[in-house]
Amino acid sequence: MKWIPNFNSSNSLRVIFVIAVFILLFLSSIAYKHNQDLNESSKLVMHTYEINIQLERLMSAIKDAETGQRGYIITRNGRFLAPYLYSRDKVNASFITLKKLTADNPIQQRNLENLFKLIIQRFVSFENCLKYSDPKTYDKRKLDNYMFGGRILMENIRFQVDKMNDIEKKYLENRLKIYDQEISLSPIFSISLFLTALTFILLAYRQISRDFERLKVFNKKLLISSGLMAESEIIGKFSTWQWDLDSNKIDYSDNQFRILGVEPNSFVPEKETFLDFVHPDDKDAVAASMQGIIEKKNLPFIYYKIARPDHEIRHFKSTGKLLTDQQGSKILLGINFDITDEHLLNIELQERNRELEKSNKELASFNHVASHDLQEPLRKIQTFISRVSDADKAVMSDSAREYLSKIESSAKRMRVLIDDLLLFSRTNTTKKEFIKSNLNELLENAESELTEIIHEKKAVITATKLPKLDVIPYQIEQLFINLIGNSLKYSQPGRIPEIIVESEKVLSAAYPDLLEQTTKKFHKITFSDNGMGFDPQFKETIFVLFQRLHSKTDYPGTGIGLAICKKIVENHKGHILADSIPGKGSVFTVFLPD
Amino acid sequence: MQKNALYILLADDDEDDRLFFKDAFEEIKIQTNVDFVHDGMQLMDHLNDPENKLPDILFLDLNMPKKTGKECLIEIKKTERLKNIIIAIYSTSSSEEDIEDTFIQGANIYIKKPSDFNTLKKIINEVVTVNWHYHTSGLNRDNFLLRLK
């Protein structure tokens with residue numbers, strides 16, 4: 001359904017928002033991870049320092065033991081031995097703590113074991129020093145050896161502690177370096193992500209404000225068009241209604257109320273309310289067709305009557321269609337036309353048509369009367385006259401013979417008149433069957449019809465190529481007979497009649513006053529003769545019925561022939577013209593549509 | 001009634017026409033028996049009576065009271081015993097419609113009543129001397145309407 005404007009942007013807006021939300025979620029997860037990492041690294045630093053402190057404590061305990069022992073050896077005072085005695089416990093306590101701290105590091109554990117072995121050796125060396133420094137067991141050489149060995153052991157211990165400290169430091173440095181790398185990468189990344197999210201949000205904002213502008217424009221247009229619609233409904237005497245099949249809500253346009261003869265919005269329309277206005281005669285039909293729309297999805301025009309509250313009867317024509325809007329809900333759109341004026345006009349037209357048909361029938365019966373009943377007595381008169389034999393005439397008086405001959409010629413004239421009149425009326429009333437015909441053939445037929453007079457006058461008829469046209473063949477033949485017959489009849493005494501028939505294609509635009517402009521091309525067929533011609537002031541009147549330019553005695557005729565020509569050409573939606581130069585000849589021009 | 005003479009039947013309600021017809025047959029030099037009926041009903045009664053001899057040629061006026069010539073024509077052509085009678089339409093009318101209708105319904109020839117006694121004699125002479133078997137087999141719309149040369 002294209003009848004509701006489409007706002008495509010809502011989809012892109014949705015996409016922009018989803019992207020922005022994902023970016024923000026991503027950003028916050030990165031920030032969380034940073035926090036975790038920082039936490040981790042500070043713990044790591046603490047761990048390293050703790051190991052460092054414990055190792056230093058271990059060191060200082062051994063140094064205390066060493067110092068105490070030296071003091072005792074020099075002074076032999078037992079008070080100096082106290083730190084030495086405590087130091088063993090201190091070493092053990094530190095050692096246990098260190099073992100715990102390095103539990104996750106096998107290398108440090110091994111180093112720690114080595115350190116412990118060295119420390120035990122150191123304490124053994126202490127014991128030996130004490131033993132050989134004792135006056136009872138004094139041995140200067142051994143004491144010197146052990147003292148010196150203790151010195152070396154101390155250096156080894158120092159070395160081992162430094163090594164462990166170094167490992168921890170290096171480990172810490174590595175870890176910190178990794179974190180530093182991660183942290184140094186992420187700020188740029190997160191700032192750019194943040195900027196992207198910001199861009200998306202800005203884009204979304206721009207889209208929203210643009211949509212809003214468009215909405216405003218559409219809204220304005222909608223207001224204008226609904227105003228125009230309402231106005232045109234009033235002018236055009238029609239109305240619309242919508243029935244939302246999903247929500248079962250029915251909306252009438254203002255004019256719907258008006259054409260029902262009530263004030264706009266004077267009631268809330270429901271499914272059955274409309275039927276209340278329908279004339280009782282048509283109620284069933286309208287109800288059935290309303291049901292039909294839902295099944296067939298559209299409604300062919302229905303015609304019915306409406307009874308307004310003030311009892312005025314109006315004639316309605318309605319149609320409808322089932323539409324599906326963008327949201328997929330089904331809406332039944334109906335249009336009602338108040339066609340009362342047209343209906344009344346139609347009735348009048350029908351009345352006139354009936355009258356016309358009646359008068360046509362009368363004309364046909366006149367035709368019948370003319371062909372049968374009028375001819376009958378005339379034929380009798382003529383036959384009876386023919387039965388008066390020459391022998392009978394011989395015994396008549398001169399005047400009686402004269403009268404008889406006058407009766408005979410009058411009856412003859414009467415016959416010609418009736419025949420011509422019949423021909424004229426048949427030109428109009430007989431069925432008009434258009435058949436594609438070669439006009440040259442029809443012209444030949446006409447010539448053979450006129451053979452006698454052509455021979456008698458030694459006339460020369462020249463014809464160029466004529467077109468093939470959709471015509472009523474016998475009428476065109478009659479047209480040719482009448483035109484050529486006319487030329488032959490009014491030929492110049494003492495001059496051989498020459499008739500030239502020519503044809504050419506012309507555009508109707510070249511004859512705006514004469515020809516029907518809806519047909520573009522016409523065939524202009526001219527009949528030129530060298531006859532006596534006529535005064536051009538009569539070029540219009542010669543086509544009028546019973547109009548004659550010559551006396552009956554000079555040129556017998558009824559004045560119907562050219563009227564028939566005009567009628568035939570009119571039957572073919574063409575035009576006929578006549579022109580002449582008296583004494584030189586006449587030209588009859590027939591225009592026939594292509 | 002002369003034997004071997006052509007038996008002619010004319011159905012026409014007009015007394016004068018019957019008179020002209022009778023006189024014309026008397027003046028031509030062909031042996032004929034001519035009978036008359038005055039309307040369509042009488043015609044059909046005459047033809048349907050098995051006692052009566054069927055005519056060699058039936059001249060049929062179209063405009064008759066009680067039963068028109070066209071109705072008679074249709075009835076005759078529907079009746080097995082009568083359908084081979086040679087029928088000459090003999091009418092005042094020269095309307096295309098009448099000529100077309102009677103041709104379609106199977107009449108053999110169409111004669112427009114002439115307004116001259118001598119012409120009538122010529123027509124009658126022509127019609128009774130035509131070789132009908134030959135004429136009927138070559139019957140078409142163009143030679144249906146009798147025209148005298």
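Predicted model: local features only at pLDDT ≥ 70, side-chain atom pairs only at ≥ 80, totals over all residues.
Student: What makes B:D61 count as buried?

Tutor: The cut-off for buried is 20 or more other C-beta atoms within 10 Å. B:D61 has 24 C-beta neighbours inside 10 Å, so B:D61 counts as buried.

Student: Where does B:D61 lie?

Tutor: B:D61 is in the loop between β3 (57–60) and α3 (69–78) of chain B. Leaving aside neighbours within four places in sequence, its contacts are B:A11, B:D12, B:D13, B:G69, B:Y90 and B:S91.

Student: What feature does UniProt place at B:D61?

Tutor: The record, an unreviewed entry, gives "modified residue: 4-aspartylphosphate" at B:D61. Such annotations may be inferred rather than shown by experiment.

Student: What makes A:K458 count as exposed?

Tutor: The cut-off of 12 or fewer applies here as well. A:K458 has 8 C-beta neighbours inside 10 Å, so A:K458 counts as exposed. A:K458 is in the loop between α12 (451–457) and β7 of chain A.

Student: What is noted about phi in A:N265 and in A:K458?

Tutor: A:N265 is not a glycine, but has a positive phi of about 55 degrees. In A:K458, also a residue other than glycine, phi is positive and near 55 degrees. Most residues other than glycine have a negative phi.

Student: Why are α2(A) and α3(A) called roughly antiparallel?

Tutor: Angles over 145 degrees count as roughly antiparallel. The axes of helix α2 (residues 81–101) and helix α3 (residues 106–133) of chain A cross at roughly 175 degrees and come within 11 Å. The two helices, α2(A) and α3(A), are therefore roughly antiparallel to each other.

Student: Which residues make the contact between α2(A) and α3(A)?

Tutor: From α2(A) they are A:R88, A:V91, A:F95, A:L98 and A:K99, and from α3(A) they are A:L112, A:F116, A:I119 and A:F123. By class, the residues of this contact are 7 nonpolar, no polar and 2 charged.

Student: What makes β2 and β5 of chain B edge strands?

Tutor: Chain B has an open sheet of 5 strands in the order β2-β1-β3-β4-β5, with parallel pairing. β2 (32–37) and β5 (109–112) each have a single partner strand, so one side of each is left without a neighbour in the sheet. On average, neighbouring strands of this sheet are turned by 20 degrees against each other, direction ignored.

Student: How do you know that β1(B) and β2(B) pair?

Tutor: Two strands pair if there are at least two bridges between them. Strand β1 (residues 6–11) of chain B and β2(B) have 6 bridges in the parallel sense, so they meet that definition. B:L10 stands opposite B:F36 in β2(B).

Student: Which strands stand at the edges of the open sheet in chain A?

Tutor: That sheet has 5 strands, ordered β7-β9-β10-β12-β11, and its pairing is mixed. At the edges are β7 (460–463) and β11 (575–581), each with a single partner strand, so one side of each has no neighbour in the sheet. The twist from one strand to the next averages 15 degrees. Helix α13 (residues 473–489) of chain A packs on the sheet, touching β7, β9, β10 (521–529) and β12 (585–593). The direction of α13 makes about 25 degrees with that of β10(A).

Student: How do you know that β7(A) and β9(A) pair?

Tutor: The definition asks for at least two bridges. β7(A) and strand β9 (residues 498–507) of chain A have 4 bridges in the parallel sense, so they count as paired.

Student: How many residues of chain B are in contact with chain A?

Tutor: 12 residues of chain B are in contact with 12 residues of chain A. On the chain B side, α1 (15–27) and α5 (117–129) each supply at least two residues. That side has 2 nonpolar, 6 polar and 4 charged residues.

Terms used. Residues numbered from 1 in each chain as written. Chains lettered and ligands numbered in written order. Contact = placed C-beta atoms within 7 Å. Nonpolar A, V, L, I, M, F, W, Y, C, P; charged D, E, K, R; others polar. Axes fitted to C-alpha atoms, helices over the stretch in contact; angles between N-to-C directions. Parallel < 35°, antiparallel > 145°, perpendicular 65-115°, else oblique.
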